[in-house]
Amino acid sequence: MGHLETPPSVRKLQTALHAKAKAEPEFRFYLLYDKMYRADVLSFAYARCKANGGAAGVDGQTFDDIEAYGGQGGSSADRKSPDVDTGWNPWLGELAEELRNKTYRPQAVRRVYIPKPNSKKMRPLGIATIRDRVVQTAAMLVLEPIFEADLDPEQYAYRAGKTALDAVETVNRLLNLGYTAVVDADLRGYFDEIPHGPLMKSVARRISDRHMLHLIKMWIEATVEETDDRGRKRRTTLNRDEHRGIPQGSPISPLLANLYMRRLVLWWRQSGARRRLKAVMVNYADDLVICCKGTADVAMQTMREAIKKLQLAVNEDKTRICRLPEERFDFLGYTFGRCYSRKTGKAHLNSKPSKKSIKRICDAIGDETGRNRTLLSAEKVVKRLNAKLTGWANYFRLGPVSPAYRAVDAHANHRLRQWLCEKHRIPGRGGHRFPDHYLYETLGLVRLPGLTRHLPWAKA
């Protein structure tokens, strides 16, 4: 997705909200709901959702449908409204009207299952309607600057100016400062387990606007629609009945997930656990590690008790203590442990792409060069391969990446050559017909090992 520039008027609103939240940590915002249906906020929310793409929800409405609807001049309700900006899509005008009149109600969330990486298990994903995604994004534009002021520096997910790579670098720095006993924690179904009561308390600590609170409550209690193998639809209200869980895949969910996790991260520091146990927590979404200086057993027990108080559960099968340099652990796609310097041969602690991450990109390369793609042009296939390879390399650029790059590069080379043989019905491996210079120079396949010289540590 290309980066969308925030309109100056929306940025001005966000800056003011953030400044107020930062200056007055106890202040509760009471007039926010009306900011959501401002023409500039709602238009930008729509643009963001459109840029993200995504499938239709339970109503089947697509972005093309909405744009076509705009061309028809909208409905009579829209034309009657004197204060709807006629320069924007009538569909948005009607949505603004619903919000203003407080008649807006979220629709059911369409649940689909996508395979978990490197696993036979499936992960549920909730697809809200575009209408609901736009309103949630508008709410995010208003709420995010407020809660951003409160989030802890140890929280890295879904935040402007912070990335997963920042979390990886923080863990690396801690390991090299002697925090080498690591609690590698895994929370069981975090998004599905967040309890509504305490979550809404976390929201209400800053927001007293009852209309905004009511909206959030409706979103987290949304009905879920599933379609079985025979095409039969079934609707359930599990979240509402059990008073827990937020829909994964909805625009508002990352903010709510961060907000609830903040309770744990904040408690860890305020209770003195961090100082007493010399144990630093690093959090990214539902991923969590605690880097300790020799007190990992106590830290693990303390973390377990805190998680229980938050009405969440630790995944016992995947939570363990790892003592470096003898052992290693994975976090955010990287493996942390003992590495050896290419120049000196000396051992040091560092991170490198995990075996799972390498397998994942190799599987993706396999998908792009499958037999079902032989009708595509070589240029198209190489373009898609290059997008995958550069995206992967942009993330996996910390630590000694050369061996991983070479392995992935060799796999891409082999698969592309195999695909060319299939396409042109040429027997054998195609080494003579499609030599390296043809793949890299004529077709323009990205060469990963060549990218390492541009990495920050290569220039140091």
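The lining of the largest cavity has, by class, six nonpolar, two polar and two charged residues; here Ala, Val, Leu, Ile, Met, Phe, Trp, Tyr, Cys and Pro count as nonpolar, Asp, Glu, Lys and Arg as charged, and the others, Gly among them, as polar. This is a predicted model, in which local features need pLDDT of at least 70, side-chain atom pairs count only at pLDDT 80 or more, and totals for chains, interfaces and linings use all residues. Residues are numbered from 1 along each chain as its sequence is written, and side-chain values use heavy atoms, without hydrogens and water.

A cavity is a set of points on a 1 Å grid over the protein atoms alone where a 1.4 Å probe fits but cannot get out, and lining residues have an atom within 4 Å of a point. The whole structure holds three cavities of 30 Å³ or more. The largest has a volume of about 60 Å³, the space filled by probe spheres set on the points, which are joined across faces, edges and corners. Around this cavity you will find V109, R111, P124, L125, G126, D192, V224, I246, P247 and Q248. β2 gives the most to the lining, with three residues; strands are DSSP runs of E, at least two residues, and helices runs of H or I, at least four, numbered from the N terminus.

Now turn to two helices. The axes of α16 (residues 355-368) and α17 (residues 378-395) come within 10 Å and cross at roughly 170 degrees. Axes are lines fitted to C-alpha atoms over the stretch in contact, with angles from 0 to 180 degrees between N-to-C directions. The two helices are therefore roughly antiparallel to each other, a term for angles over 145 degrees. Their contact (heavy atoms within 4.5 Å) includes I361 of α16 and W392 of α17.

How values were computed: 1 Å grid on protein atoms, 1.4 Å probe; cavity = no way out; pocket = protein on both sides within 12 Å on 5 of 7 lines; lining within 4 Å. Parallel < 35°, antiparallel > 145°, perpendicular 65-115°, else oblique.
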